[in-house]
Amino acid sequence: MARERKTARRKISNLLALSLLNLLVERPMYPYEMAATLRQRGKDEAIKIHWGSLYTVVQNLEKYGFIEAVDVAREGRQPERTTYQITGAGREELKDWLRELIGEPEREYTRFEAALGECAVLPPDELAGLLQRRLDVLDAAIAQHETGLEALVTQIPRLFLIESEYHLALRRAEAEWIRKLLTEFTDGSFPGIREWQHFHDTGVPPADIIALDEKNRKEAAGG
């Protein structure tokens, strides 16, 4: 039997909480120390972190029993500093959450994909220019990423770099896809590209698009 998804039932789904739990597996920390460590390790490159919400996430982790305060200290006139440690329930939540995220593919939506879905509003030559610009940026980023990763491999165990390898693989795949698409635009082998250009030149949609639109209207009207 397939394992039942638990995403909808998680008490905390903010990925910052995942990183905080993992930090506290190492040792107890106070919130400012957690933030500093995450920044030092570049975790904000792997997940979107709103640093202003860190204290709220810490409070929620404590609220649900995933972490607990072990010490409250004050130095001079500084505010009280609470040190937290992970609980048994927190360790179980961390492991279960990781199993779900790694083992169960999830549909993720990107701004680029959303734009591609509406790109017909631009003429082919303009779209090709924009894709080429994106490809140039990607190629430069890939080269920089490869150089940085090669240096890090000599300093850090590969186990702690695989999320960076994954991000690099995604960039390479996107660049390769764009490169192939641009080739189709250039040699004219992309299906319907002439009709697409004709629409932008004359304002008249291709016959197959008109027929499809009429079919959709009839179906929407129940006809």
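**Entry 1: the model**

I am working with a predicted model. I keep that in mind for every value below.

**Entry 2: H1 and H2**

I began with helix H1, residues 15-26. Packed helices are described by the angle between their axes and the distance between the axes. For H1 and H2 I found an angle of about 100° and axes 11 Å apart. Angles of 65 to 115 degrees count as roughly perpendicular, so H1 is roughly perpendicular to H2. Next I looked up who touches whom. H1 brings Leu16, Ser19, Leu20, Leu23 and Leu24 to the contact. H2 answers with Met34, Thr37 and Leu38. I sorted these residues by class and got six nonpolar, two polar and no charged.

**Entry 3: H2 and H3**

I stayed with H2, residues 31-40, and turned to H3, residues 54-63. Their axes come within 10 Å and cross at roughly 120°. That angle makes H2 and H3 oblique to each other. I noted the hand of the crossing too: it is right-handed. On the H2 side, Pro31, Tyr32, Met34 and Ala35 make the contact. On the H3 side I listed Leu54, Tyr55 and Val58. The classes here are seven nonpolar, no polar and no charged.

**Entry 4: H6 and H7**

How far apart are the axes of H6 and H7? I read 9 Å, with a packing angle of about 150°. Angles over 145 degrees count as roughly antiparallel, so H6 is roughly antiparallel to H7. H6 passes H7 in a left-handed crossing. I checked the classes in this contact as well. They come to 15 nonpolar, four polar and eight charged residues.

**Entry 5: the second largest pocket**

Rolling a probe the size of a water molecule over the atoms shows where empty space is left. I looked up the second largest pocket and noted about 420 Å³ of space. It is lined by 20 residues. Closest to the pocket centre are Ala120, Gly192, Trp196, Pro206 and Ile209. Which elements give two or more residues to this lining? I wrote down H6 (124-153), H7 (162-187), H8 (193-202) and H9 (207-220). H8 gives the largest share, four residues. So what classes make up the lining of this pocket? I counted 17 nonpolar, one polar and two charged residues.

Note on methods: Residues are numbered from 1 along each chain as its sequence is written. This is a predicted model: local features need pLDDT of at least 70, side-chain atom pairs count only at pLDDT 80 or more; totals for chains, interfaces and linings use all residues. Side-chain values use heavy atoms; hydrogens and water are left out. On a 1 Å grid over the protein atoms alone, a cavity is a set of points where a 1.4 Å probe fits but cannot get out, and a pocket is an open set with protein on both sides within 12 Å along at least five of seven lines; lining residues have an atom within 4 Å of a point. Grid points are joined across faces, edges and corners, and a volume is the space filled by probe spheres set on the points. Ala, Val, Leu, Ile, Met, Phe, Trp, Tyr, Cys and Pro count as nonpolar, Asp, Glu, Lys and Arg as charged, and the others, Gly among them, as polar. Axes are lines fitted to C-alpha atoms, for helices over the stretch in contact, and angles run from 0 to 180 degrees between N-to-C directions. Angles under 35 degrees count as roughly parallel, over 145 as roughly antiparallel, 65 to 115 as roughly perpendicular and the rest as oblique. A crossing is left-handed if the near helix is turned anticlockwise from the far one by less than a right angle, and right-handed if clockwise. Contact means heavy atoms within 4.5 Å.
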